Amino acid sequence: MDQKKLFCFPDLLGKDDLFNPLNQMFIQMACILVFSQLFYLLLKPSGQAGPVSQILAGIVLSPTVLSRIDKVQEFFLQRDSAQYYSFFSFLLRTSFMFLIGLEVDSDFMRRNFRRAAVITFSCFVSCSLICLCFLWLVLHLLKIEGDTFTFALVFLVTLSNTASPAVICSIADLKLHTSEIGRLAITCALFMEIATVVFYTVVVSVIARTVTEDLFLVVFLTGALILINKFLAPWLSRRSPAEKYLSKTETLIFFILVLVLSITIEALDINSAVSMFFVGLMFPRQGKSYRTLLQRLSYPIHEFVLPVYFGYIGFRFSLQTLLTANNFIVLVLTVILSLAGKFIGVFGACSYQKIPWKYWSFLSSILSMKGHVGLLLLDLNPDAKKWRGQIIHDLIVAALVITTLISGVIAAFLLRSRQRSFAQERTSLEFHETGEELRVLSCVYGLLHARGAISLVSALSGSSSPFTPLLLHLVPLPKKRKSELLYHEQDDGGGGGGKFNEDDEFATNEGLEINESIDSFSKDSKILIHQVKLVSQALNMHEEICNATEDLRVSIIFLPFHKHQRIDGKTTNDGEEIRQTNHKVLRHAPCSVGIYVDRNKTGFQQPHSFGSVQHVAALFFGGPDDREALSLCKWLINNSLIHLTVIQFVSENSKEENQIKNTMQENNDVFMEILGRDAEDDRIFLEDFYNRYVTTGRVGFIEKHVSNGSQMVTILREIGEMYSLYVVGKGQGDRSITVEMSDWEECPELGKVGDFLASSDLDVNASVLVVQRHRHSHTSLLGDY
């Protein structure tokens with residue numbers, strides 16, 4: 001293309017210099033964003049995802065609707081505009097496929113590789129059989145005689161492909177991106193997209209007899225860039241240790257390398273989407289480089305690039321050439337076959353793998369979303385396709401668009417009608433098996449809290465079961481600030497030099513030190529801690545924490561205690577705002593909550609760096625909170641650097657206990673009924689725990705007989721120096737052995753025993769973790785213990 005025309009110099013464009021193809025393309029992108037936002041606001045109450053709104057926006061601007069007007073058509077459909085669209089579509093595709101590789105949950109993909117592969121294979125087989133059965137009818141209706149094999153490949157890809165960008169955006173908008181079914185859908189979509197692109201590319205290369213040359217070169221170049229990133233990413237991170245993120249120049253280096261590789265692959269007439277995905281997937285997940293790329297790319301790509309790309313898909317939609325009977329029959333038949341192929345494939349695979357039936361229809365509908373791979377292969381070297389014409393092009397595009405819209409609407413409807421089925425099922429660890437994924441959210445305000453949170457993560461990660469730790473960096477806004485910052489404004493204030501201006505105002509040193517601690521831990525343990533920053537006013541901080549808990553679907557929240565231990569051993573109050581936030585989270589949290597009292601110098605240390613066995617004690621008095629605390633300890637047992645001992649406290653004075661129970665029964669029959677049920681639950685739970693872990697020698701067990709609160713205090717003082725960490729439930733009820741301990745109570749949010757262990761007056765140097773089980777509706781009668 002001529003450089004003067006590329007840069008749209010007015011001397012070549014004459015009177016149309018204002019509306020040259022480049023300027024017109026940017027205006028069109030702005031129109032797509034405006035219309036897509038309008039449709040999103042209209043369709044949001046019905047639960048529709050973003051891609052549906054964005055494709056509808058493109059259809060409104062397409063030749064089917066507004067562009068049928070002469071003035072609009074003259075503006076939007078100018079000469080030479082296709083070259084600009086093609087180039088910018090290539091840039092958008094390269095950027096979001098690289099980001100998808102960065103963002104994908106690689107651990108989940110590895111754990112569920114077999115399930116996703118079976119679903120992918122089943123869908124591909126079902127679509128292939130349907131394609132073979134109806135291919136003759138489609139060829140007859142469209143009157144295609146030459147190059148039928150290539151058309152058959154494109155028709156097969158049209159039926160079987162899944163657009164992973166559309167699925168990912170839809171899953172995120174439907175708030176299923178952290179759920180099991182949502183991540184499985186994303187994994188299946190990526191597998192289907194990779195499989196269809198690789199299948200088509202290999203078959204075409206074999207026909208062209210270039211498979212041993214071009215494909216080998218693509219694999220070599222992709223592997224070379226992955227290897228370069230392995231060394232380049234940590235090197236750039238070490239160049240500026242005092243900076244929280246890489247500079248914009250350093251960030252640009254990675255994007256230039258990715259762009260060069262993509263252009264080289266596209267020059268070979270091979271699609272580069274798979275290579276870009278693998279480059280992002282294999283990028284080093286620890287360190288400053290990975291964190292910077294996510295921060296710099298996530299917002300613009302999700303808020304601008306993908307909406308424009310989906311809008312461009314809708315803009316290519318046209319029905320003007322498809323109004324004949326044969327073409328319309330083929331269009332309807334293609335849409336029906338696409339939906340049927342995915343439904344049959346998902347049904348067979350889910351039946352074989354015993355996936356709950358409530359997910360079948362949703363999974364098949366969400367995996368029917370198309371538009372990405374189909375258009376890529378349709379545009380690949382169109383001059384070489386003898387059957388290629390405007391009618392065939394419009395037919396395939398229309399089939400992709402209509403199928404995507406229908407499947408998106410069906411998926412949203414199924415989610416709304418079965419919302420309870422897709423909600424988080426377990427809200428307490430007592431019924432959470434250790435073989436299932438444990439998602440933990442640690443809230444921190446500064447470096448001291450982060451070190452304690454990392455120690456807990458290190459202890460819980462000893463098990464071979466799936467474990468996903470998340471760290472929420474809480475930054476309270478000053479009272480004088482009236483408005484919250486947008487996500488992109490939090491991380492880039494627009495200043496020069498590639499530095500983030502928000503760091504000057506919001507916890508610069510704390511954020512940098514937290515990142516360094518996490519990077520050091522990840523490097524030693526190979527455990528990735530996902531970081532999230534939450535900037536909010538202290539008054540509403542608990543609401544944001546609870547909302548984040550629901551979105552991230554975590555099993556337990558760890559909150560920092562509002563006091564910390566100084567070097568001289570004394571405690572310092574970090575602020576009443578932290579304590580108030582903890583109180584509110586305990587009342588409103590949608591899952592279990594743990595408050596961690598960290599004695600960082602003398603208490604529990606990070607197992608990965610400590611090097612010697614630490615002794616942990618779980619104190620069991622009875623009640624749902626103690627069962628929850630002991631359930632959490634099941635993840636500590638498999639850590640070779642932790643030795644767990646369960647200490648059960650039993651009341652000696654049975655008469656006094658019975659007298660208290662009789663008095664309570666006279667005053668509150670409902671309370672007594674719940675207490676009796678809890679006693680039976682305690683017996684069953686403790687018996688099961690004893691048989692599974694104590695009899696096998698993995699856990700120590702001690703039984704202490706106590707008559708009153710004073711004796712309880714004495715015992716706690718005696719064992720105070722024997723353990724580095726105490727795990728205890730918040731509520732022990734109104735049992736006789738803890739009633740008298742209320743005289744020492746300073747922090748009710750820790751419970752009687754937890755408050756006593758955390759007291760600075762007690763000469764105990766161990767850390768304390770106080771656990772409160774999620775308050776179900778039936779336990780609300782008890783109130784706070």
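## Loop residues with positive phi

In this predicted model, K143 occupies the loop that joins α8 (113-142) to α9 (148-160). The phi angle of K143 is near 60 degrees, a positive value in a residue other than glycine. Most residues other than glycine have a negative phi. K143 has a relative accessibility of 68% and therefore counts as exposed, the cut-off for that class being over 50%.

K175 is placed in the loop between α10 (164-173) and α11 (180-208).

Is I55 buried or exposed? Its relative accessibility is 2%, so I55 counts as buried; the class requires a value under 20%. I55 belongs to helix α4, which covers residues 50-61.

Leaving aside residues up to four places away in sequence, I55 touches F310, G314, V401, T404 and L405. The C-alpha atoms of I55 and I313 are 6.5 Å apart, although 258 residues separate the two along the chain.

## Packing of α24 and α25

Helix α24 (residues 541-552) packs with helix α25 (residues 576-588), the axes lying 9 Å apart at an angle of about 40 degrees. This angle makes α24 oblique to α25, because angles under 35 degrees would count as roughly parallel and those from 65 to 115 as roughly perpendicular. The crossing of α24 and α25 is right-handed.

On the α24 side, the contact is made by M541, H542, I545 and C546. On the α25 side, T581, K584, V585 and H588 take part. Sorted by class, the contact of α24 with α25 comprises four nonpolar, three polar and one charged residues.

## The chain as a whole

The chain holds 32 helices and twelve strands. Of its 785 residues, 56% are buried, I55 being one of the residues in that class. The accessible surface of the chain amounts to about 34,400 Å², and carbon and sulfur atoms account for 59% of this area.

Key: Residues are numbered from 1 along each chain as its sequence is written. This is a predicted model: local features need pLDDT of at least 70, side-chain atom pairs count only at pLDDT 80 or more; totals for chains, interfaces and linings use all residues. Side-chain values use heavy atoms; hydrogens and water are left out. Helices (H or I, at least four residues) and strands (E, at least two) are DSSP runs, numbered from the N terminus. Buried means under 20% relative accessible area, exposed over 50%, partly exposed in between (1.4 Å probe, protein chains only). Accessible areas come from the Shrake-Rupley method with a 1.4 Å probe; for residues, only the protein chains shown count as cover. Axes are lines fitted to C-alpha atoms, for helices over the stretch in contact, and angles run from 0 to 180 degrees between N-to-C directions. Angles under 35 degrees count as roughly parallel, over 145 as roughly antiparallel, 65 to 115 as roughly perpendicular and the rest as oblique. A crossing is left-handed if the near helix is turned anticlockwise from the far one by less than a right angle, and right-handed if clockwise. Contact means heavy atoms within 4.5 Å. Ala, Val, Leu, Ile, Met, Phe, Trp, Tyr, Cys and Pro count as nonpolar, Asp, Glu, Lys and Arg as charged, and the others, Gly among them, as polar.
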